[in-house]
Amino acid sequence: MLKAGTILDDRYEIIDVVGTGGMSTVYRAKDERLKRFVAVKVLKSDYSSDSSFVSKFRAEAQNSAGLTHPNIVSVYDVCEDNGRYFIVMELVEGITLKEYIHLNGRLPMNQALNFSLQIASGLEAAHDHHVIHRDIKPQNIIVANNGNLKVTDFGIAKAATSTTMSTTGIGSVHYISPEQARGGYSDERSDIYSLGITMYEMITGRVPFEGDTNVAIALMHIQNDIIPPRELYPDIYPSMEKIVLKCTQKKPERRYLTAAALINDLKRVQENPNINIVVAQSSVAKGPTKEFTMEETRQIKEGAAAKPIDPELAGLENMRPRDPSRTSQVVPNMERINALYQNDPDEDYEEPVPAPRRPEKSLKKVEDYDDTYDEYRGRGRRRDEDEDDDNEAADPKLEKAVMIAGIAAAVVIFAIIFVVIAKIAGLSIFGKKEDKAATTATTAAVTEADSETSTKTEEASTEEKKTIRMIDVTGYTKKAAESELKKAGFKNYTFAEANDDKVKEGYVIKQSVEPGTQIGENDSIVVTVSAGAEKLQVSDVAGMNVSDADLVLKNQGFTVTHKYDYSDSVAEDQVISMDPAGGSSADSGSTITLVISNGPKKKDVSVPDITNSSESSAQSMLASLNLKVGAVTYEYNSEVPAGQVISQSIAPGTPTKEETAVDYVVSKGAKTVTYTGSVSGSVSTSDAEMLQTLAGATVTVYINDDAGSHQVFQTTVGPDQAGNIEVYGDCTGLTGNNGTVSFTVVDAGGNDITASYSKMLVLTYKDE
């Protein structure tokens with residue numbers, strides 16, 4: 001970390017830290033040469049010591065330096081100072097888009113459209129120069145204080161990943177494109193995918209995929225469909241949703257092929273939100289059904305049973321299922337993904353942001369569990385249902401045990417009935433000995449059958465105690481969650497309620513057993529359902545200053561918006577009213593609308609003509625109409641007398657509101673031109689006799705013009721001074737520039753000895 005006051009490259013003075021990330025630290029600095037403030041991005045020592053990385057870093061930064069666009073942070077220079085490598089960039093005062101969303105929540109549609117257009121415009125300019133960002137995310141987009149957006153860190157993601165991989169660059173895991181996650185070729189369409197995820201976050205306030213590990217999130221980008229934004233917030237424009245869904249298609253060829261095409265659609269939606277935007281088809285068309293043979297089925301089951309489970313992927317099968325119509329399965333490069341996601345890439349300009357709440361990561365937006373279930377959950381059956389079907393299939397060993405036990409029981413029962421009937425009838429089939437033997441044999445058979453039945457029952461009991469994999473019901477309605485738990489075979493589950501301002505009332509927030517965990521069917525499961533946002537009492541801020549009112553309500557946990565109106569009784573910038581009213585109850589996190597006073601409504605007046613009036617008269621005329629005096633400037637003017645108004649900022653007769661400021665210019669009169677005369681040269685003599693009397697003589701030089709003579713130089717000659725006296729001097733305030741130069745020499749006795757001397761003097765003038 002560099003200290004304030006450190007000078008880099010004998011030019012850039014470090015002032016303070018702007019932000020820090022995995023690769024570098026960004027400082028606010030002053031360019032002493034150009035006298036301007038800049039941002040200096042200094043590589044951390046781990047990267048600076050890698051010559052291969054430094055080479056790529058410099059090349060990528062130099063490529064980025066060629067990008068000039070209002071929505072791209074300009075790169076000024078790439079430098080090195082005593083082993084420190086740094087980039088000098090435009091300093092943008094503002095916050096990152098990530099921080100902006102964190103502070104303001106999901107953005108209004110018009111603002112989201114405006115922001116999306118600005119980002120896409122920056123990408124279009126970069127792509128036109130064949131520069132791909134590879135790490136588009138809200139952390140790399142700065143919202144300037146004037147509302148403009150600027151994309152930063154072009155090309156740096158490529159350099160960052162090339163130190164560990166020889167393939168194309170890869171971006172942050174929450175915004176990464178499927179082809180980057182697989183380690184495939186990335187191009188302009190990868191940036192468009194990441195922009196689509198960023199747009200998704202702007203309009204919903206959350207990213208589409210959340211998981212416990214980076215690997216899990218990367219696999220979701222490869223395999224899972226995002227939840228359509230309008231399922232989360234129905235007020236989102238359908239056309240905007242279609243644009244986001246097109247940007248985030250799994251296959252690059254189904255996205256917008258260029259940023260220009262995306263910009264065109266965004267502008268169409270901006271002009272008409274109800275316009276129809278065509279979305280790409282599903283990633284793979286439905287293929288014909290394949291019927292597997294018995295041998296193929298056996299091989300598949302054996303292969304599935306033998307396949308080890310990657311602990312990093314445990315529980316992923318319970319995530320939102322893919323479209324079963326997809327016939328091709330992507331095989332991700334797990335070694336690459338694990339290597340890449342040990343840590344997130346550089347997060348410059350990023351402040352810590354609280355992690356999203358767990359319930360949001362699996363919000364499925366399932367309504368009541370009825371015939372419309374498939375419509376809400378996506379196309380086809382859930383993966384859980386397929387597993388349930390497999391679990392419900394009868395175990396061959398269990399079937400065999402039950403069959404043997406049944407046959408044995410039938411034989412024993414038949415034998416007992418036969419013996420009883422024989423005894424009642426008084427029959428002696430085998431005689432007395434035979435009867436005894438028969439009885440003994442029957443007893444042994446019963447005992448043996450009972451023993452075998454007991455053994456088989458114990459085996460069946462053991463089979464029945466087999467554990468069940470816990471399913472994921474977060475995001476379901478309570479009714480749908482209960483139905484899913486029943487279907488999976490769980491029996492001991494209970495429901496609890498908790499307030500939550502992020503999850504809709506009646507939907508599951510969390511569950512006590514993690515998805516994928518193996519538990520018994522009678523093990524206890526607690527499912528927590530949202531009771532909606534907590535109800536809070538709204539403070540009454542009517543009459544307070546707007547900034548104080550905002551602070552009070554935000555500290556209570558509300559979002560605040562403003563409207564404005566005129567009021568004769570409430571002072572300007574104070575709260576007139578609020579909705580909902582103070583003292584009422586409202587959900588935590590809900591929006592409170594404050595009506596702010598603009599003061600009394602101002603009347604329309606006609607601006608007076610104050611030109612050619614004195615300054616005091618002009619002020620009086622404006623005050624009489626309740627207009628304010630604006631900026632007053634003074635200029636020379638040969639046509640308007642000094643002290644009178646030359647011009648005014650608002651033309652006479654223009655209707656305007658009271659208290660409007662009117663600027664005007666006052667004449668300083670005609671400008672008088674004066675000059676400065678400068679004399680240089682020498683006064684000298686070659687008369688040997690005069691040299692004897694020269695000591696103590698006074699030499700004086702004059703400029704002569706129409707106004708008279710003006711002394712410009714005078715000196716007393718010293719005893720050892722030669723007969724050549726150097727002359728130099730200025731005279732200011734001259735009214736002309738065509739004078740002449742003269743001189744006098746008077747000896748110590750007061751005698752004029754000028755005639756014995758000659759001059760070589762030059763007179764020049766300049767305007768003052």
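Visitor: What makes α10 and α11 roughly antiparallel to each other?

Guide: In this predicted model, the axes of α10 (residues 238-247) and α11 (residues 259-271) cross at roughly 165° and come within 10 Å. Angles over 145 degrees count as roughly antiparallel, and α10 and α11 therefore fall under that label. The crossing of α10 past α11 is left-handed.

Visitor: Which residues make the contact of α10 with α11?

Guide: On the α10 side they are S239, M240, I243 and C247, and on the α11 side L262, D265, L266 and V269. By class, six of these residues are nonpolar, one is polar and one is charged.

Visitor: What does each helix bring to the contact of α4 with α7?

Guide: Helix α4 contributes M109, A112, F115, S116, I119, A120, L123 and H127, while α7 contributes E188, D191, L195, M199, M202 and I203. The contact divides into ten nonpolar, two polar and two charged residues.

Visitor: How do you know whether α3 and α7 are parallel or antiparallel?

Guide: The axes of α3 (residues 97-104) and α7 come within 10 Å, and their crossing angle is roughly 20°. Angles under 35 degrees count as roughly parallel, and that is therefore the term for α3 and α7. Helix α3 passes α7 in a left-handed crossing.

Visitor: Which residues of α3 and α7 meet?

Guide: From α3 there are L97, K98 and I101, and from α7 there are T198, E201 and M202. Three residues of this contact are nonpolar, one is polar and two are charged.

Visitor: Why does T474 count as buried?

Guide: Buried means under 20% relative accessible area. T474 has 2% relative accessibility, so the term applies. T474 sits in the loop between β10 (468-469) and α19 (478-488). Its C-alpha atom is separated by 8.5 Å from that of V527, 53 residues apart along the chain.

Visitor: What makes the pairing of T474 and D472 a polar contact?

Guide: The side chains of T474 and D472 are joined at 2.7 Å.

Visitor: How do you know whether S567 is buried or exposed?

Guide: S567 has 9% relative accessibility. The limit for buried is under 20%, so S567 counts as buried. S567 is placed in the loop between β16 (559-565) and β17 (575-579).

Visitor: What does S567 reach and touch?

Guide: Its side chain reaches the backbone nitrogen of S569 at 3.2 Å. Leaving aside residues up to four places away in sequence, S567 touches I576, S597, G599 and P600.

Visitor: How many helices and strands does the protein chain have?

Guide: The protein chain has 22 helices and 30 strands. Of its 768 residues, 42% count as buried. Among contacts between residues at least 6 apart in sequence, 69% join residues at least 24 apart.

Note on methods. Residues are numbered from 1 along each chain as its sequence is written. This is a predicted model: local features need pLDDT of at least 70, side-chain atom pairs count only at pLDDT 80 or more; totals for chains, interfaces and linings use all residues. Side-chain values use heavy atoms; hydrogens and water are left out. Contact means heavy atoms within 4.5 Å. Helices (H or I, at least four residues) and strands (E, at least two) are DSSP runs, numbered from the N terminus. Ala, Val, Leu, Ile, Met, Phe, Trp, Tyr, Cys and Pro count as nonpolar, Asp, Glu, Lys and Arg as charged, and the others, Gly among them, as polar. Buried means under 20% relative accessible area, exposed over 50%, partly exposed in between (1.4 Å probe, protein chains only). A polar contact is a pair of N or O atoms within 3.5 Å; within protein, one must be able to donate a hydrogen and the other to accept it, and residues adjacent in sequence count only if both atoms are side-chain atoms. Axes are lines fitted to C-alpha atoms, for helices over the stretch in contact, and angles run from 0 to 180 degrees between N-to-C directions. Angles under 35 degrees count as roughly parallel, over 145 as roughly antiparallel, 65 to 115 as roughly perpendicular and the rest as oblique. A crossing is left-handed if the near helix is turned anticlockwise from the far one by less than a right angle, and right-handed if clockwise.
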